[in-house]
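Visitor: I should like to learn how to read a structural model with care. May we begin with confidence and then turn to architecture and individual residues?

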Amino acid sequence: MARRTKRLWTDEEKRSICLQTTAPGVSVARVAQRYAMNANLISRWLRDPRYAPELLAEPDAACFLLVEIVDRPMHDDSSAATEALPTTGAIEIDTACGHKLRISGAYDPEALVRLIRGLSG
């Protein structure tokens, strides 16, 4: 039986391999195949701040979340529910149909919900 040898990767090689996983359409598994290695090893490196690409290492980096708007029954005291929602700040929304919304400053939450429903319908 042939003996497997353990490869030693330099820190710069690890950073380079981790950076390749950030390209659009490229998966960790595909990069691992390119180097004939296990994808779990690259995943471990990605969690290490020494090797993670800058955009993954930034804790305040922007990220996109999937948002689903559902109808909810109105309560008797609907004004109290509306007041609990944030009405100032900055929001950026990319809809599934390709529309991009940027809202900054004060906004009406109910009007925002109607706008998003209108764009997605």
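Visitor: Which element of the chain has the lowest mean pLDDT, and which the highest?

Guide: As a general rule, where pLDDT is low, the predicted coordinates should not be read in detail. This is a predicted model, and among its elements helix 5 (residues 78–83) has the lowest mean pLDDT, 50, while helix 3 has the highest, 94. For the chain, the mean pLDDT is 75, with 61% of residues reaching 70 or more.

Visitor: How many helices and strands does the chain have, and what pattern do they follow?

Guide: The chain has six helices and two strands. Along the sequence the pattern reads α-α-α-α-α-β-β-α.

Visitor: What percentage of the residues count as buried?

Guide: Of the chain's 121 residues, 20% count as buried. As for contacts between residues at least 6 apart in sequence, 34% join residues at least 24 apart.

Visitor: How do the axes of helix 1 and helix 3 cross?

Guide: A crossing angle between 65 and 115 degrees counts as roughly perpendicular. The axes of helix 1 (residues 11–20) and helix 3 come within 10 Å and cross at roughly 100°, which means that helix 1 is roughly perpendicular to helix 3.

Visitor: Which residues make that contact?

Guide: Helix 1 contributes Lys14, Ile17 and Cys18, and helix 3 contributes Ile42, Trp45 and Leu46. By class, five residues of this contact are nonpolar, none is polar and one is charged.

Visitor: Where is Gln20 found, and which residues beyond its sequence neighbours does it contact?

Guide: Gln20 belongs to helix 1. Setting aside neighbours within four places in sequence, Gln20 is in contact with Val26, Val31, Arg34 and Tyr35. The C-alpha atoms of Gln20 and Arg30, ten residues apart along the chain, are separated by 9.8 Å.

Visitor: What is the phi of Ala36?

Guide: The general idea is that most residues other than glycine have a negative phi. Ala36 has a phi near 55°, a positive value in a residue other than glycine. Ala36 lies in the loop between helix 2 (28–34) and helix 3 (39–47).

Visitor: Is Ala36 buried or exposed?

Guide: A residue counts as exposed when its relative accessible area is over 50%. Ala36 has a relative accessible area of 62%, so Ala36 is exposed.

Key:
Residues numbered from 1 in each chain as written. Predicted model: local features only at pLDDT ≥ 70, side-chain atom pairs only at ≥ 80, totals over all residues. Heavy atoms only, no water. Helix = DSSP H or I, 4+ residues; strand = E, 2+ residues; numbered from the N terminus. Buried < 20%, exposed > 50% of the residue type's maximum accessible area, 1.4 Å probe, protein only. pLDDT = per-residue confidence, 0-100. Axes fitted to C-alpha atoms, helices over the stretch in contact; angles between N-to-C directions. Parallel < 35°, antiparallel > 145°, perpendicular 65-115°, else oblique. Contact = heavy atoms within 4.5 Å. Nonpolar A, V, L, I, M, F, W, Y, C, P; charged D, E, K, R; others polar.
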